[in-house]
Amino acid sequence: MAKTAELILDGKSYKLPVVEGTEKEVAIDISNLLEETGAITLDFGYKNTGATKSAITFLDGDKGILRHRGYSIEDLAAKSSFLEVAYLLIFGELPMKDQLDKFSDDIKRHTMVHEDIKKILDGFPSSSHPMGVLASMFCAQTAFYPESLDPNRSAEGVYLSIVRSLAKMPTFAAWAYKNAMGHPVNYPDNSLNYTARFLKMLYALPAEQYEVDPVVADALDKLLILHADHEQNCSTSTVRIVGSSKASIYSSISAGINALWGPLHGGANQEVILMLEAIRKDGGDTEKWINKAKDKNSGFRLMGFGHRVYKNFDPRAKIIKKTADEVLSKLGVNDPVLDIALKLEEVALRDPYFIERKLYPNVDFYSGIIYRALGIPVDMFTVMFAMGRLPGWIAQWKELRENKEPIGRPRQIYTGQNLREYVPIDKR
Ligand code: SDX
């Protein structure tokens, strides 16, 4: 017997179907609520609202669980590679060796970008934030590949767009950085693997032999895995709603890049480092800053803390914290802000304000410390998040299109003026 929920509105009873997922999550299906009751639901920030059914990522916020297609993030971060996780997210299964080799080769074939993209890049002053440059170049692919605008594109055509997206994102990201530095851009060296190829484009200088440090490449590959997907977060929901209008993959993902930029979302990793630096310059008094974070009138939040879903440790934060220790000691880097971050975490986690609100370090709290140790500048931190999240955005966009989901169009409760007569300006 299918489970139902009962709603009583104005004395009338309505039975609503209950949906259960493979991990026993429960939802009340309100697809016909307006038609049956004349009422809608209201849920600012969609804190209690599911927008879709998805088979890609499972989160359990209370237990601090994150799995991609059933595989734990702990296993994937320790044993997989970013390109293998990208394949898993997008196509649903871990690839066989020949499948991964073909995927990697297909991507290598498309790492170059049209030279005319440089005309767009040249239009951005070096003071431009790399996220704005990245979003613009990524969307510009609609101009170079107009066939991607076809909403009924063949599976082969969609695959080509997927490969182009993964292939060119690192090139765009490195070029955005070179633009900010006022340096000439580098072209992709396809003799290297995905992450090393990016690092060489990012750091190589003309007439200098650049060797990729395997410690740096491995650490970055793991960070990209840890950012690869996170179910219906703000930027992924943006990609889905843009994709639901049958917009191209490039414009949908460009919208996601812009949503990720915000300081409450992917932009938090940049804000964390700026916060830690400010605390360090202020003398490192963590108690003082924890008290500021608790004071609603201070306008200050402990960046990198708190999460809409995790009411326990963000499993990614645990892995990144451990990786930060390993990478900094391997590279012989001693970053004073790491000690401040560790102290902040220790003080916050025993403070009733944070305990009551279940505020723990999230993915952004320690990631910036590693990026900085890898030599990546603060303005590029959210670009790194976007590079990591790309396969998740692709997978979610593809799933939405394959499931033929309707265009996203939420309703509202109107709170404005009731009907009133127009008054000509000379009579007002
Ligand atoms: C990401 O959704 C995802 O999955 C996102 C992400 C992904 O992988 O895609 O995990 C990536 O975006 C991580 C989050 C990065 N953002 C930050 O670190 C910014 C700082 N954190 C917050 O602003 C906040 O915690 C959010 C945005 C992450 C979550 O906000 P919610 O769920 O809307 O919670 P809220 O703002 O309503 O806060 C609930 C309470 C409030 O206090 P009360 O009104 O109940 O008294 O907790 C307080 C908030 O004031 N609070 C904080 C706080 N975060 C929440 N107080 C101090 N410092 C903080 N960081």
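**Strands, domains and the ligand shell**

Strands here are DSSP runs of E with at least two residues, numbered from the N terminus, and two strands pair if DSSP finds at least two bridges between them.

A word on the basis of these values. The model is predicted, so local features need pLDDT of at least 70 and side-chain atom pairs count only at pLDDT 80 or more, while totals for chains, interfaces and linings use all residues. Residues are numbered from 1 along each chain as its sequence is written, and side-chain values use heavy atoms, with hydrogens and water left out.

Let me now build up the sheet that contains β1. Its three strands are in the order β1-β2-β3, the sheet is open, and the pairing is antiparallel. Because β1 (4–9) and β3 (26–28) each have a single partner strand, they stand at the edges, and one side of each is left without a neighbour in the sheet. From one strand to the next, the twist averages 30 degrees; axes are lines fitted to C-alpha atoms, and angles run from 0 to 180 degrees between N-to-C directions.

Six bridges connect β1 with β2 (residues 12–20) in the antiparallel sense. L9 is placed opposite K12 in β2. The two strands form a hairpin with two residues between them, and D10 in the turn has a positive phi of about 50 degrees.

On the other pairing, β2 and β3 run antiparallel and are joined by three bridges. There, V19 stands opposite A27 in β3. Five residues lie between the strands of this hairpin, where K24 takes a positive phi near 65 degrees.

I turn to another sheet. β4, β5 and β6 form an open sheet in that order, with antiparallel pairing. β4 (57–60) and β6 (71–72) are the edge strands, each pairing on one side only. Between β4 and β5 (residues 65–68) there are four bridges, and D60 stands opposite I65 in β5.

As for domains, the assignment for the protein chain gives domain 1 (4–50) and domain 2 (70–407), with bounds from an automatic or database domain assignment. Their C-alpha centres lie 35 Å apart.

Finally, which residues are closest to the ligand? They are H230, R301, H307, R308 and R316, in a shell of 24 residues around the ligand; a residue is near if one of its heavy atoms lies within 4 Å. The shell divides into nine nonpolar, seven polar and eight charged residues.

Several N or O pairs fall within the 3.5 Å limit for a polar contact. An oxygen atom of the ligand lies 2.6 Å from an N or O atom in the side chain of H307. A ligand nitrogen atom is 2.8 Å from a polar backbone atom of L302, and a polar side-chain atom of Y353 is 2.9 Å from a nitrogen atom of the ligand. Of the 1,100 Å² of accessible area that the ligand has on its own, the protein covers 80%, by the Shrake-Rupley method with a 1.4 Å probe.

Terms used:
A polar contact is a pair of N or O atoms within 3.5 Å; within protein, one must be able to donate a hydrogen and the other to accept it, and residues adjacent in sequence count only if both atoms are side-chain atoms. Ala, Val, Leu, Ile, Met, Phe, Trp, Tyr, Cys and Pro count as nonpolar, Asp, Glu, Lys and Arg as charged, and the others, Gly among them, as polar.
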